[in-house]
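Subject: Structure for your review

Dear colleague,

Please find below the structure that I am handing over to you.

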Amino acid sequence: MDLLNTLVDKGLRRELPTRAEALAVLATSDDDLLDVVAAAGKVRRQWFGRRVKLNYLVNLKSGLCPEDCSYCSQRLGSKAEILKYTWLKPDEASEAAAAGVAGGAKRVCLVASGRGPTDRDVDRVSKTIAAIKEQNEGVEVCACLGLLSEGQAERLREAGADAYNHNLNTSEGTYGDITTTHTYADRVDTVQKAHDAGLSACSGLIAGMGESDEDLVDVVFALRELDPDSVPVNFLIPFEGTPLAKEWNLTPQRALRILAMVRFVCPDVEVRLAGGREVHLRTLQPLALHLANSIFLGDYLTSEGQAGKADLDMIADAGFEVEGTDTTTLPEHRADAVAGGCGSPGGGGCAPCGDTTEETAPENEPEPAASGARPDLVAVRRRGAGTDLAPNA
């Protein structure tokens with residue numbers, strides 16, 4: 001297929017596809033799916049080999065968020081029966097993190113619900129970062145605390161944070177349909193603050209919220225322009241008790257096409273297979289490893305994932321290997337840019353080079369909605385952080 005040959009060539013050169021090409025990936029048929037995965041897999045292997053980076057989530061504070069993000073089980077007014085608790089103490093968070101590190105995680109992601117941290121919250125998280133790094137040599141720590149105020153990213157960096165996560169989630173044009181208590185521009189601003197502070201920026205999307213192909217391409221192209229080092233691809237988990245509980249718009253095949261499109265647009269970036277993979281990819285999860293070079297191990301913030309041991313078996317059985325702490329995740333040109341800064345937005349990673357000429361996108365028919373909802377696969381987390389039960393890692 002000429003399209004795939006073109007996209008592979010561009011990916012190996014770190015050249016931006018056209019919008020028309022990105023839309024065409026999403027419009028490919030199920031008959032062509034394995035060809036799409038194989039093509040994107042060539043790009044993935046060029047920059048990341050067969051390594052899979054493991055990340056582990058620790059939910060520092062769960063539920064009771066004042067924001068109204070429609071996709072979130074922790075949102076204002078959510079009736080989802082999730083765990084609700086206030087801040088974990090630093091030693092409690094460190095203990096939870098240790099379980100993930102023992103399972104092979106190279107990065108620990110510290111997440112707290114809320115609009116954004118107070119200065120006191122930053123102090124609290126700083127102590128938690130110190131506790132984790134004292135107990136786990138070589139582990140990376142990423143903070144995800146919401147919208148940042150001036151100076152907070154710098155304080156987190158000084159405390160030892162390596163990265164900051166703040167997802168764009170969806171396109172600018174449809175953002176107001178998903179959230180009204182903050183704006184798309186607010187999110188972009190926080191990613192840029194992380195860049196400016198010398199943190200490795202992590203920003204991604206959520207697919208399956210009823211968005212169009214054009215929306216998906218919009219948000220991924222916006223991410224390419226922001227140039228984060230890692231792009232988590234989440235698939236909506238339709239929690240009962242949230243406004244999007246009935247949005248079952250994904251098939252395993254569509255989820256793979258979305259991941260392939262992200263890989264072609266962001267060829268040398270850590271693409272992370274994130275929340276909802278078990279719900280929507282199901283038995284096709286191993287194929288996704290040919291597209292994403294990073295996954296979350298075990299459970300998520302408010303939902304349970306498959307067993308950590310099953311994740312490790314899946315990686316091994318698919319012919320991949322877990323990335324060690326002695327290996328640099330990013331390709332050399334990006335890793336050097338993170339260390340020194342080189343002209344990308346906010347001075348973070350080096351913006352991929354190449355032609356960015358746009359073409360007029362063709363009119364695409366919307367993909368039909370998935371035929372079968374699988375609420376049986378949505379399991380609320382009842383173990384790990386905030387409970388007396390052992391975590392899944």
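Four cavities of 30 Å³ or more were counted, a cavity being a set of points, on a 1 Å grid over the protein atoms alone, where a 1.4 Å probe fits but cannot get out. Grid points are joined across faces, edges and corners, and a volume is the space filled by probe spheres set on the points. This is a predicted model, in which local features need pLDDT of at least 70 and side-chain atom pairs count only at pLDDT 80 or more, while totals for chains, interfaces and linings use all residues. Residues are numbered from 1 along each chain as its sequence is written, and side-chain values use heavy atoms, with hydrogens and water left out.

The largest cavity has a volume of about 920 Å³. Its lining (residues with an atom within 4 Å of a point) consists of 45 residues, and Tyr71, Cys72, Gln74, Asn167 and Leu301 lie nearest its centre. Strands S2 (107-112), S3 (140-144) and S7 (230-235) are the elements that give two or more residues to this lining; strands are DSSP runs of E with at least two residues, helices runs of H or I with at least four, numbered from the N terminus. By residue class, the lining of the largest cavity holds 24 nonpolar, 15 polar and six charged residues. Here Ala, Val, Leu, Ile, Met, Phe, Trp, Tyr, Cys and Pro count as nonpolar, Asp, Glu, Lys and Arg as charged, and the others, Gly among them, as polar.

The second largest cavity holds about 100 Å³ of space. Of its 14 lining residues, Tyr56, Leu57, Tyr300, Arg381 and Ala385 lie nearest the centre. Strand S1 supplies the largest share of this lining, four residues.

Arg381 and Ala385 are also among the residues that Tyr85 touches (heavy atoms within 4.5 Å), not counting residues up to four places away in sequence. Tyr85 lies in the loop between strand S1 (51-61) and helix H4 (90-102). Tyr85 counts as buried because its relative accessibility is 12%, the limit for buried being under 20% relative accessible area (1.4 Å probe, protein chains only). The side chain of Tyr85 makes a polar contact of 3.0 Å with the side chain of Arg381. Such a contact is a pair of N or O atoms within 3.5 Å; within protein, one must be able to donate a hydrogen and the other to accept it, and residues adjacent in sequence count only if both atoms are side-chain atoms. A polar atom of the Tyr85 side chain also lies 2.6 Å from the backbone oxygen of Asn59.

Glu15, in the loop between helix H1 (2-12) and helix H2 (19-26), is buried at 13% relative accessibility. A polar contact of 2.9 Å joins its side chain to that of Arg13.

Yours sincerely

Methods: Buried means under 20% relative accessible area, exposed over 50%, partly exposed in between (1.4 Å probe, protein chains only). On a 1 Å grid over the protein atoms alone, a cavity is a set of points where a 1.4 Å probe fits but cannot get out, and a pocket is an open set with protein on both sides within 12 Å along at least five of seven lines; lining residues have an atom within 4 Å of a point.
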